[in-house]
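We will go from one stop to the next, selecting as we go.

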Amino acid sequence: MINRSLQTGWQLKPRDVAVSPEQDFGAAEGWLPAAVPGTVQQDLLAQGRMPDPYYGLNEHDVQWVGEQDWLYRLTFSADEALRQGDHIELHFGGLDTLCTVWLNGEEVLRSENMFVPQVLDVKTRLRAGDNTLHLLFGSVLRAGHALEAEHGRRTAWNGDKSRVYLRKAQYHYGWDWGPVMLTAGPWQPITLRSYRCRIADVYVPSEVSPDLQTAFVPVHVTLDGTLSGQDVTVELRGPGGDVLGRQTGTAALFEVERPDLWYPSGQGGQPLYTAEVTLRRAGEVLDTRTQRVGLRRLRVVQEPVEGEPGRSFTFEVNNQPLFIGGANWIPEDLLLNRISDHQYRERLMQARNAHMNMIRVWGGGIYEADVFYDLCDELGLLVWQDFMFACGMYPAHPEFLRSVRAEAEVAVRRLRNHPSLAIWVGNNEDYAIAESVGASGPGLDEKLFEARVIYESLLPEVCTALDPQRLYWPGSPWGGVNSADPTVGDRHSWEVWHSQMAPYQDYARFQARFVSEFGLQSAPALSTLEGYAPEEERFPESRTVVHHNKAAAPSGEPDGHRRLAVYLSDNLRAHRDLGEFVYQTQFVQAEAMRYAYRDFRSRFEHPGKYAVSGALVWQLNDCWPVTSWAIIDSRGIAKPALYTIKRELAPLAAGLRRRGHALDIWISSAERMACSVTLELFAYTLSGTQVAQETRDVRALPARKTALAAWTVPAEDLIFFAALRVGGEVVARSADFPEPYKYRDFASPDLQVEYLSATTLRLRASRPTKGVWLDVGEKADWDDNFIDLRPGEVRTVTAPDLGGRPVHVRALDTQAVTASLHESVSR
Ligand code: BMA
């Protein structure tokens with residue numbers, strides 16, 4: 001098997017429609033070096049022929065690139081050895097998006113789906129010596145408008161509506177958190193391969209018995225090419241590398257007694273077995289494939305919820321029902337080829353370290369890179385995988401359906417072996433948009449909702465045929481009488497922020513069996529904001545800052561800054577400068593997450609009453625520097641919300657909810673066993689006087705909520721602190737301050753911040769201090785941050801990568817100060 005990647009020597013140039021394509025490909029002038037895999041925009045940027053689209057208002061100045069057709073050309077030679085192969089193929093891993101291909105002047109391919117690899121048999125077309133490969137990428141915008149003219153204009157939220165006709169990452173058309181960047185180019189590798197016989201696919205639909213004592217590991221091997229005289233061996237190795245069995249043939253079946261089970265993060269380890277497949281002929285190895293396998297039993301349990309309508313939507317792994325705490329994932333960049341494996345690892349580790357156990361790959365991005373799913377397997381992050389449809393009334397004409405079927409088959413085959421993959425989901429919000437235009441819902445004429453055939457027959461057919469073990473869910477949200485039904489399936493709870501802009505303190509009212517989207521905006525780190533705004537534009541209301549907030553009213557009018565202003569003025573006093581603006585937006589976002597995760601998780605009550613089994617915040621990450629719902633900004637700098645979520649999703653978390661003079665208290669546990677904890681309760685006045693304290697020894701029951709007796713303290717305006725100790729060590733903290741914050745004066749708490757070592761700070765204060773935020777202007781992996789400090793309590797926080805950098809310290813209503821290694825600071 002010869003695999004030759006065609007990635008050097010490529011050139012690109014804008015299409016000159018004044019001449020024929022042949023003439024244009026033959027032109028001597030106007031060619032630039034091109035990176036393959038890559039996109040036009042990435043090359044123009046790298047060669048200084050396009051301004052940085054993420055800086056200032058430059059987005060406006062780079063749209064010509066996406067509206068233009070582009071040419072790629074390559075001359076390559078095919079040596080003797082390669083041309084000897086029984087089978088010689090050109091493999092295009094991914095062409096973004098509308099591409100015509102010529103080989104040696106002959107048109108050999110027209111591709112129209114960026115998610116579908118193309119394979120061309122070139123055995124008879126390849127020449128000895130030089131061969132030419134010519135690619136013409138057509139503007140998707142122009143093509144989309146032509147399709148609109150032919151098939152009709154369709155409804156869509158976000159981006160040019162013609163996007164629904166194109167099988168291109170939808171967010172490239174611009175979204176309410178992202179700029180428009182209509183990339184074009186061979187975004188995946190181009191390879192010339194020559195072989196007699198090769199391994200085309202390895203499928204391992206392993207199953208674990210209900211008693212978890214036996215795992216059945218079938219290994220199905222699909223071969224391609226000339227099938228005679230070859231033999232296949234399959235070897236199964238344990239997580240430690242030990243050989244557990246060896247079989248010959250393309251359909252092996254191994255039985256593993258007392259398997260080493262794969263668990264989501266927080267529940268156990270992520271041991272991975274390996275199936276090693278070797279293809280030989282006459283003793284010569286023709287091809288090999290290594291497939292990692294995680295053995296686990298995963299179900300989505302939908303059962304009655306005690307005393308409530310509808311049914312649960314609970315993920316269960318190895319017979320352990322889980323409260324799913326996680327986030328929605330968008331692509332890390334508009335220029336996909338710029339995203340490094342390191343970036344994937346960093347982001348997913350930030351999620352895992354925040355006690356998340358699920359990531360939703362949202363339907364407006366891409367089927368993510370293999371490294372993403374490999375990392376989720378290793379980190380124990382379950383994956384909710386949407387098919388790539390988002391917020392649109394998609395067409396369903398035959399060519400479109402053929403393209404979608406090919407796309408779905410490729411995606412399911414590529415991803416189905418990952419233990420982390422938990423569920424397939426038809427689309428993002430397409431039922432909601434159909435309902436919004438009266439094309440879906442009880443008693444309505446559904447003829448207008450043609451795309452239902454995709455979500456309710458095409459995709460489930462593909463999943464049943466290629467991955468029958470996993471649940472397929474028609475859409476997100478979906479379930480019940482309509483997509484907003486809170487009693488069945490999943491729900492997007494956007495009453496906070498969107499629609500009526502409900503206060504985030506009311507999140508409990510917008511719960512559902514599984515809340516797969518909710519969120520509140522905040523600005524990126526100050527240093528990130530300053531990185532994209534010219535000096536004179538560094539104030540919250542500037543044109544540039546508003547431009548870097550893409551949230552918009554249905555009219556298209558930007559309205560993110562307006563909605564943010566409402567949440568700021570509902571809760572906090574007016575900000576004094578850009579730094580405080582950033583802190584305040586991040587403060588309200590973090591507070592919103594405290595309410596959401598605390599209240600949703602408190603409804604994961606007990607077996608038979610898992611009323612809410614999951615909460616996935618919109619959104620984990622950003623793809624450019626922007627004010628958005630992200631909890632980690634585009635430079636990987638975590639926002640306070642990530643630390644709030646970490647506390648609320650901790651294996652043991654103390655829930656506090658103020659009710660007049662009483663304080664409701666409970667413990668949410670993700671532990672698999674009951675455990676004894678000591679609960680410490682404190683009540684302080686604003687000035688820091690302790691008015692009450694109580695300690696209780698309690699038993700926290702496993703995988704549920706343990707409600708405790710309320711605590712009544714006969715005084716107004718008190719600040720409550722709680723700590724949970726296990727074996728003397730504090731494992732959880734929470735606090736509850738009287739709200740709204742703007743009515744009380746939290747100023748001048750003599751907060752002290754001391755550098756103890758290059759990686760550790762010590763914090764203390766004599767008054768209750770809200771939201772102590774430590775910021776070094778770059779990514780730092782703090783073990784805790786955005787801390788509520790109890791008077792007299794000494795807290796140490798560590799960031800292994802801090803390196804003694806100056807730390808900017810803020811807290812509610814306080815002036816920012818900077819702590820540096822050689823001197824401690826106090827307010
Ligand atoms: C939901 C998501 C995204 C969107 C987000 C914020 O609609 O599915 O489409 O970005 O809300 O508005």
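**Stop 1: after a helix.** Select Gly-380. It sits just after H7 and takes a positive phi of about 75 degrees. This is a predicted model: local features need pLDDT of at least 70, side-chain atom pairs count only at pLDDT 80 or more, and totals for chains, interfaces and linings use all residues. Residues are numbered from 1 along each chain as its sequence is written, and side-chain values use heavy atoms, leaving out hydrogens and water.

**Stop 2: helix H7.** Now select residues 370-379, which form H7. Helices are DSSP runs of H or I with at least four residues; strands are runs of E with at least two; both are numbered from the N terminus. Seven of the ten residues in H7 are buried. Buried means under 20% relative accessible area, with a 1.4 Å probe and protein chains only. Color these buried residues: Val-371, Phe-372, Tyr-373, Leu-375, Cys-376, Asp-377 and Leu-379. What do the buried residues of H7 pack against? Their partners include strand E18 (284-293), helix H6 (341-353) and H8. Contact here means heavy atoms within 4.5 Å.

**Stop 3: Glu-407.** Move to helix H8, residues 398-415, and pick Glu-407. Is Glu-407 buried or exposed? Glu-407 is buried, because its relative accessible area is 1%. Show what Glu-407 touches: Asn-113, Phe-115, Val-116, Arg-167, Tyr-367 and Met-388, not counting residues up to four places away in sequence.

**Stop 4: the ligand.** Select the ligand and the residues around it, among them Trp-175, Asp-176, Trp-362, Asn-428, His-498 and Trp-629. A residue counts as near if one of its heavy atoms lies within 4 Å. The shell divides into seven nonpolar, two polar and three charged residues. In this scheme Ala, Val, Leu, Ile, Met, Phe, Trp, Tyr, Cys and Pro are nonpolar, Asp, Glu, Lys and Arg are charged, and the others, Gly among them, are polar.

Check some distances. A polar side-chain atom of Glu-429 lies 2.7 Å from a ligand oxygen. A polar side-chain atom of Glu-517 also lies 2.7 Å from an oxygen atom of the ligand. The protein covers 96% of the 300 Å² of accessible area that the ligand has on its own. Accessible areas come from the Shrake-Rupley method with a 1.4 Å probe; for residues, only the protein chains shown count as cover.

**Stop 5: the whole chain.** Zoom out. The chain has 15 helices and 48 strands. Its C-alpha trace spans about 90 × 65 × 65 Å along the principal axes. Of the 827 residues, 61% are buried.

Notes: Polar contact = N/O pair within 3.5 Å; in protein donor to acceptor, adjacent residues only side chain to side chain. Buried < 20%, exposed > 50% of the residue type's maximum accessible area, 1.4 Å probe, protein only.
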